[in-house]
Every structure is written in structure tokens, then in C-alpha cells.
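The sequence and the structure come before the text.

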Amino acid sequence: MSNQEPMNQNQNIQQQNVEKKISGVADIVFLVDVTNSMQPAIDGLKESLNKFTDFLEAKVTKNQAKIQWRARLIGYRDVEVDGANWWIENEFVENADELKKQIANLKADGGGDIPENTLDALLLAVNKTQWGDKRHKFIVLFTDAPTKTKIDKKNLDFGEKDTVEYLIQ
């Protein structure tokens, strides 16, 4: 009888593990270069982001729970050329329809020289996003150009300038 007890306990543990559902909790920021040069890619990007959004809403396998997610779309252009219009920010949303509205509003416009202000955009995306506690944090970047190697000083908080310039050297 004592030989059967450990075996039953093992079977019980294995059965519990199979019944557990894999789940995820995520904050996702889609950071998109929306300068004129991106126009050829914007329609395809919208389609791909909409498919990804549908995936977030779907139950993938019988052992995977629906993903608990929040997402937002941020567009960026050229700081020097587009001035105050260089940054297009949306709030976090938690449902596919609202995220698809943000995606539908993607429009390529402006920009100037190549390279783009990707480092500025990444820095602001990190600092201006109200990240949730105990959530996996993702920034997904879409661009067609290299980045400028200097960050516009007005996008830096005091104390960040030296750290950022050190990291990009």
C-alpha cells in the first residue's frame, strides 16, 4: 500500500500541472515611425497590427488562458522638422476595438532628413508610459531608418543626459 501512495501523489501532481493554464499579463507599446518615408509600409503595418490584436484576444490553446493586456500606440516624427507635432501619443487601452481605432489613425506625414529621432522616441516611450506593476513590459519599434546618434536635449530630464550619451557611444 505504501508503494501505491507515492504513485497516486505523483499522478495527482501531474494532473494538476496539466490543468493549469498558462497566462500572461503585459503592457505593450507600439512605437511607430510615422514620417513620410514610412507611407509604403503603413498599410501593411496596420494589417499586421490588427492581426496581432486579434491574437491577443484569442485563446491560443486549451492550456493557455486569454492574455491580460494593455496596449497603446505612439507615433514619432522628426523633432527638428516637425516641432511640437513630432510626438503622437495614445492612452493605454484594454480591448481590441479601442486598439484598432488607434491603429486606424496611423498616418505618415512630415519628417525631414534621414536618420530619425528614434532614441528620443524610445526614451520618451519609456519615461512617459504609466507602466503597470507586476506586468511584463514591451516596446515594439517599427521604423525604416537609422537613428540620429544625439538625443534632443529638451527630451532629457536632468541627470539623464550623461547616462544616455554614454550608452550610445
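**Overall picture**

The model is predicted. Its mean pLDDT is 81, with 72% of the residues at 70 or more.

Six helices and four strands make up the secondary structure. Their order along the sequence is α-β-α-β-α-β-α-α-β-α. The protein has 169 residues, of which 37% count as buried. For contacts between residues at least 6 apart in sequence, 81% join residues at least 24 apart. The exposed surface comes to about 10,700 Å², and carbon and sulfur atoms supply 52% of it.

**Aromatic pairs**

How many aromatic pairs does the structure hold? There are four, and two of them are described here.

Phe30 and Phe52 form an edge-to-face pair, with 5.9 Å centre to centre and 85° between the planes. Phe30 belongs to strand β1 (residues 25–33) and Phe52 to helix α2 (residues 39–57), so the pair ties together parts that are 22 residues apart in sequence. The angle of 85° is over the 60 degrees that edge-to-face geometry requires. Phe30 is buried, at a relative accessible area of 2%, whereas Phe52 is partly exposed, at 33%.

Trp86 and Trp87 form a tilted pair, 5.4 Å centre to centre with 45° between the planes. Both tryptophans count as buried: Trp86 has a relative accessibility of 7% and Trp87 one of 13%. Each value falls under the 20% cut-off for burial.

Phe30 and Phe52 also belong to an aromatic cluster, together with Phe55.

**Charges over a ring**

Which ring has the charged end of Arg70 over it? The ring is that of Phe92, and the charged end of Arg70 sits 4.0 Å from its centre. The charged end of Arg72 also sits over the ring of Phe92, at 5.7 Å from the centre.

How values were computed. Residues numbered from 1 in each chain as written. Predicted model: local features only at pLDDT ≥ 70, side-chain atom pairs only at ≥ 80, totals over all residues. Heavy atoms only, no water. Phe/Tyr/Trp six-rings, centres within 6.5 Å; stacked < 30°, edge-to-face > 60°. Helix = DSSP H or I, 4+ residues; strand = E, 2+ residues; numbered from the N terminus. Buried < 20%, exposed > 50% of the residue type's maximum accessible area, 1.4 Å probe, protein only. Lys NZ or Arg CZ within 6 Å of the ring centre and 35° of its normal. pLDDT = per-residue confidence, 0-100. Contact = heavy atoms within 4.5 Å. Areas by Shrake-Rupley, 256 points an atom, 1.4 Å probe, with all protein chains shown as cover.
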